[in-house]
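Subject: Structure for you to look over

Hello,

Here is the structure I promised. Please open it first, then read on for what turned up.

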Amino acid sequence: MKRKLYSLTRTILPMLILGLVFVQCKSDKSSSKDSVTTTTEVNFDELEETPVSGKATILVEESIFPIVDDVNTVFEHEYTRAKIDLVSKPQQEILSLIFKDSLRIAILPRDLTAEELAFFEGKVTPKRTHFATDAVVFVTSKQYKDSIVDYDRVVTNLAKSDYLKDKQSVEGSLANEPILVFDSYNSSVASFFREATGNKNFPQDYAYFLPSTSEVVDYVSKNPNAIGVIGLNWLVQPSSELKPLLEHVKVLGVKNKEDGKYYKATQNNIAEGTYPLTRKLYVLDFQGKSGLGVGFASYIAGYKGQRIVLKSGLVPFKTPPRELNVRTEL
């Protein structure tokens, strides 16, 4: 009897083990196949757009592109059924596309004006989400003779629209001034100064415009008599192209007219309001529905998005809380 039981055990047990292995392998293959199908066969164009799925295009003002790109990378990694195409453009071009209803989600370093909001009355109520604070900074070659700049003096010089017409004015006031180099005529940075001066056309021999931030930094690094005017975001999150150029430039301190002191655009100075040239960053959603614009705005203004903003060197709208573990004993 024992021999028969032993014989049956030797025969049946291996068959059971082989059966279990076969079932498990089949299950693994099926699971692996489903996983591959899920990740490789998503047709975003056919997905219904929700706050966390579907496909959308977001226009991003070029001076703040790095932080938006960082947040979008994490957003798409977390929500694999969402696809957002970021398009970098100058501020004026973005506003033109929005007003023409060509695209409906934008990220700008400013809010909409009262006149712009009035344009959408009766059409759609724009959702405006403030998620961070950036700054406008002045950069120069390390050979530049000074480490500070008087913002009020710069504004006064930019307001001199008759500079080219009056040769005595050239010799008397601007001839010895360092030239200013902006990232683009239509950029948010140039618009910032046009609003401050009330002058749409800067003196042509005093203010130059180049196509990109990298070209501005490259130019000033080679010209000790030039001051670049750019957004801080590109300095704290430089691209691979821009990073080596930063070794040859320095950031100037800017005078705060309230206390007469000069401050650099550090995260702390921006948060405390001592650095005078700051800008609030907004997600502007004109979709009129609960789509990816709502989802991305909620994400970038939420806990995870605000931590990314904080680590980037900009100032988040809401500072993420720090969790401390307190022990009574060591």
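Glu177 is buried, at 12% relative accessibility. The cut-off for that word is under 20%. The side chain of Glu177 forms a salt bridge with Arg153, 2.5 Å from N to O. Glu177 is in the loop between helix H6 (167-174) and strand E6 (179-182), while Arg153 is in helix H5 (residues 151-158), so the bridge ties together parts 24 residues apart in sequence. Bear in mind that this is a predicted model.

Other salt bridges

The whole structure has ten salt bridges. Here are two more.

Asp111 and Arg128 meet through their side chains at 2.8 Å, N to O. This pair also links distant parts of the chain: Asp111 sits in the loop between strand E3 (105-108) and helix H4 (114-119), and Arg128 sits in strand E4 (residues 127-141), 17 residues apart. Asp111 is partly exposed, at 22% relative accessibility. Arg128 is partly exposed too, with a relative accessible area of 40%.

Asp101 and Arg104 form a salt bridge as well, at 2.8 Å from N to O. Asp101 counts as partly exposed at 44% relative accessibility. Arg104 has 36% and also counts as partly exposed.

The protein overall

The protein has twelve helices and 13 strands. There are 330 residues, and 42% of them count as buried. Take the contacts with a separation of 6 or more: 76% of them are between residues 24 or more positions apart. The accessible surface is about 19000 Å², and carbon and sulfur atoms account for 52% of that.

Aromatic rings

A pair of aromatic rings is described by two things, the distance of the centres and the angle of the planes. The structure holds 16 aromatic pairs. One of them is Phe75 with Tyr299: the ring centres are 5.2 Å apart and the planes stand at 75°, so the pair is edge-to-face. The cut-off for edge-to-face is over 60 degrees. Phe75 belongs to helix H2 (residues 65-78) and Tyr299 to helix H11 (residues 292-300), so this pair ties together parts 224 residues apart in sequence. Are these two residues buried or exposed? Phe75 is buried, at a relative accessible area of 0%. Tyr299 is buried as well, at 8% relative accessibility.

Tyr299 has a further aromatic partner, Tyr79. That pair is edge-to-face, with 6.2 Å centre to centre and 85° between the planes. Tyr79 lies in the loop between H2 and strand E2 (82-89), and Tyr299 lies in helix H11, 220 residues apart. Tyr79 counts as partly exposed, at 27% relative accessibility.

There is also an aromatic cluster. Its members are Phe138, Tyr151, Phe182, Tyr185, Phe192, Phe193, Phe202 and Phe209. Tyr185 also has a charge over its face: Arg194 lies there, 4.3 Å from the ring centre. Elsewhere, Lys123 lies over the face of Phe119, at 3.8 Å from the ring centre.

Gly295

Gly295 is in helix H11. This glycine is buried, with a relative accessible area of 10%. Which residues does Gly295 contact, leaving aside neighbours within four places in sequence? They are Pro51 and Phe75. Gly295 and Phe75 are 220 residues apart in sequence, yet their C-alpha atoms are 9.4 Å apart in space. Look at this spot together with the ring pair of Phe75 and Tyr299.

Helix H12

Helix H12 covers residues 303-312, and its buried residues are Gly305, Gln306, Ile308, Val309 and Ser312. Seen down the axis of H12, they fall within an arc of 155°, so they line one face of the helix. What covers them? The cover includes H2, E4, helix H9 (233-236), helix H10 (267-272), H11 and strand E13 (315-316). Gly313 follows H12, and its phi is positive, near 105°.

Where to start

Start with Glu177 and Arg153 and their salt bridge. Finish with the buried face of H12.

Best wishes

Key: Residues numbered from 1 in each chain as written. Predicted model: local features only at pLDDT ≥ 70, side-chain atom pairs only at ≥ 80, totals over all residues. Heavy atoms only, no water. Phe/Tyr/Trp six-rings, centres within 6.5 Å; stacked < 30°, edge-to-face > 60°. Helix = DSSP H or I, 4+ residues; strand = E, 2+ residues; numbered from the N terminus. Buried < 20%, exposed > 50% of the residue type's maximum accessible area, 1.4 Å probe, protein only. Lys NZ or Arg CZ within 6 Å of the ring centre and 35° of its normal. Salt bridge = Lys/Arg side-chain N within 4 Å of Asp/Glu carboxyl O. Contact = heavy atoms within 4.5 Å. Areas by Shrake-Rupley, 256 points an atom, 1.4 Å probe, with all protein chains shown as cover. Arc of directions from axis to C-beta.
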